[in-house]
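Subject: Structure handover

Hello,

Here is the structure I promised to pass on. Please open it beside this email and follow along.

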Amino acid sequence: MNYLRKITDDLYWVGGNDRRIALFENVYPVPRGVSYNSYLLLDEKTVLFDTVDRSVSLRYRDNVATLLNGRPLDYLVVQHMEPDHCSAVSDMLREYPEMKVVCTAKAVAMINQFYDVENLADRVITVGEGDTLSTGRHQFTFVTAPMVHWPEVMVSFDSTDGILFSADAFGSFGAINGNLFADEVDYEKDWLDDSRRYYTNIVGKYGAQVQALLKKAAGLDIRMICPLHGLVWRKDLAWLLEKYNAWSTYTPEEKGVVIAVGSIYGNTETAADILAGMLAEKGVRNIRLYDVSATHSSYILADAFRFSHVVLASITYNSGIFSNMEHLLHELAAHNLQNRTLAFIQNGSWAATSAKQMQAILANLKNMTVLEQLPTLKSSVKEPQLAELQALADAIAAGM
Ligand code: FEO
């Protein structure tokens, strides 16, 4: 027995939630779970938008069959071929022999890469930028969105009801707990952090491509957004678009300081704590201090996208950088963080060289201001380091 949420008179959410998953993409912690969204339109033709991850595939297929109630499924629109959305494509092709797959040419190639489908060419309608599909009352236009977040991605716009089926864009980590619409929850309090962490870690590298999609979207009369993860948007779309504009242009949302520290015995962490206290006394209010061994890099990366300043404090470890800090630095570089003020703190009982090595990893990031103050510890904080930390706190506070 299913109870499926109605979005409009003829559009339904038919996805599933995975609350047992520990790591999304086997990388990112999702303590609130994740939803795999799919949407079924019951027009003169029946249209399914994407499938789901295999973890919820049985439930999803039951959802679709329940709603179809014996009607044939005419179209499966495949917007994205990452397996968290395409795992049931071959099952649906088998279960609905009259169904046509609507997707880009690149997606056709990927269906063949992932699955063995007989006579796939006979089952596919290949579409590209601006192509349309009429399903009766609804008229769809397909808009390509390469690298948001794979090369084959497209989004679909229903010009009849103003609904954008946005693929991974505008998604979020977090399972759907009954309330399907963003306006039914306190989004800023309960969802925004996971939405930011999802965007920055999954799509954050591709800001230019997201900007290209936002420019195309600006020409559409969008009244609702149906993403492949997280909640459906039917109000406050301008607020959401503004967040996406900031994230995809690597613009800080607000002034604030993220301090990430790699410390073994706590001396480097003490320096970070002292800096945080000095910043607070200078009136800085948004301070986040993370131990890179205790907090997954995805959370620190998301806050680096949120705030204006990033301080990286690491011991020198086997003449290199503390390994968990090195991982974070590569994540910051891989996700193209830009337009930030950076500062470094280094420690070394043999020789303190970690700052130079940290700076080298971030050297190619655009429009970064590196503060010249460089507190340097030889094992622990002494009087000279207190002065150096104060100088750094003064420099950061001056930029707030
Ligand atoms: Fe949710 Fe790029 O897949």
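The charged end of arginine 32 sits over the ring of tryptophan 191, 4.3 Å from the ring centre. Here "over a ring" means that NZ of Lys or CZ of Arg is within 6 Å of the ring centre and within 35 degrees of the ring normal. Arginine 234 does likewise with phenylalanine 181: it lies over the face of that ring, at 3.7 Å from the centre.

Before you go on, note that this is a predicted model: local features need pLDDT of at least 70, side-chain atom pairs count only at pLDDT 80 or more, and totals for chains, interfaces and linings use all residues. Residues are numbered from 1 along each chain as its sequence is written, and side-chain values use heavy atoms, with hydrogens and water left out.

Aromatic pairs

A pair of aromatic rings is described by the distance of the centres and the angle of the planes. Rings of Phe, Tyr and Trp (its six-membered ring) pair if their centres lie within 6.5 Å; planes under 30 degrees apart are stacked, over 60 edge-to-face, and the rest tilted. By this rule there are 19 aromatic pairs. One of them joins tyrosine 187 and tryptophan 191, and it is stacked: 6.1 Å centre to centre, 15° between the planes. Both tyrosine 187 and tryptophan 191 are buried. Buried means under 20% relative accessible area, exposed over 50%, and partly exposed in between (1.4 Å probe, protein chains only).

Tyrosine 199 and tryptophan 247 also form a stacked pair, with 5.5 Å between centres and 25° between planes. This pair links distant parts of the chain. Tyrosine 199 is in helix 7 (residues 192–203), tryptophan 247 is in helix 9 (residues 237–248), and they are 48 residues apart. Helices (H or I, at least four residues) and strands (E, at least two) are DSSP runs, numbered from the N terminus. Tyrosine 199 and tryptophan 247 are both buried.

Which residues do ring pairs link into a cluster? They are Phe24, Tyr28, Phe173 and Tyr198.

Pockets

Rolling a probe the size of a water molecule over the atoms shows where empty space is left. The search uses a 1 Å grid over the protein atoms alone; a pocket is an open set of points where a 1.4 Å probe fits, with protein on both sides within 12 Å along at least five of seven lines. Lining residues have an atom within 4 Å of a point. Grid points are joined across faces, edges and corners, and a volume is the space filled by probe spheres set on the points.

The largest pocket holds about 380 Å³ of space. It is lined by 18 residues, and Ile264, Ile315, Thr316, Gly348 and Ser349 lie nearest its centre. Strand 19 gives the most to this lining, with 3 residues. Helix 10 (267–281) and strand 19 (307–317) each supply at least two. The lining of the largest pocket has 6 nonpolar, 12 polar and no charged residues. For these classes, Ala, Val, Leu, Ile, Met, Phe, Trp, Tyr, Cys and Pro are nonpolar, Asp, Glu, Lys and Arg are charged, and the others, Gly among them, are polar.

The second largest pocket holds about 270 Å³. Of its 14 lining residues, Trp13, Asn17, Arg19, Arg59 and Ile176 are the closest to its centre. Strand 3 (16–18) and helix 1 (57–68) each give two or more residues to this lining. By class, the second largest pocket has 6 nonpolar, 5 polar and 3 charged lining residues.

Single residues

Isoleucine 225 lies in strand 16 (residues 224–226). Is isoleucine 225 buried or exposed? It counts as buried because its relative accessibility is 1%. Not counting residues up to four places away in sequence, isoleucine 225 touches Leu164, Ser166, Phe170, Val232, Trp233, Leu237 and Leu240. Contact means heavy atoms within 4.5 Å. The C-alpha atoms of isoleucine 225 and phenylalanine 170 are separated by 7.8 Å, though the two are 55 residues apart along the chain.

Backbone details

A cis peptide bond joins valine 148 and histidine 149, with omega about 15°. Histidine 149 is in the loop between strand 13 (139–144) and strand 14 (154–158).

Glutamate 25 is not a glycine, yet it has a positive phi of about 55°. It sits in the loop between strand 4 (23–24) and strand 5 (28–29). Glutamate 25 has 33% relative accessibility, so it counts as partly exposed.

Best wishes
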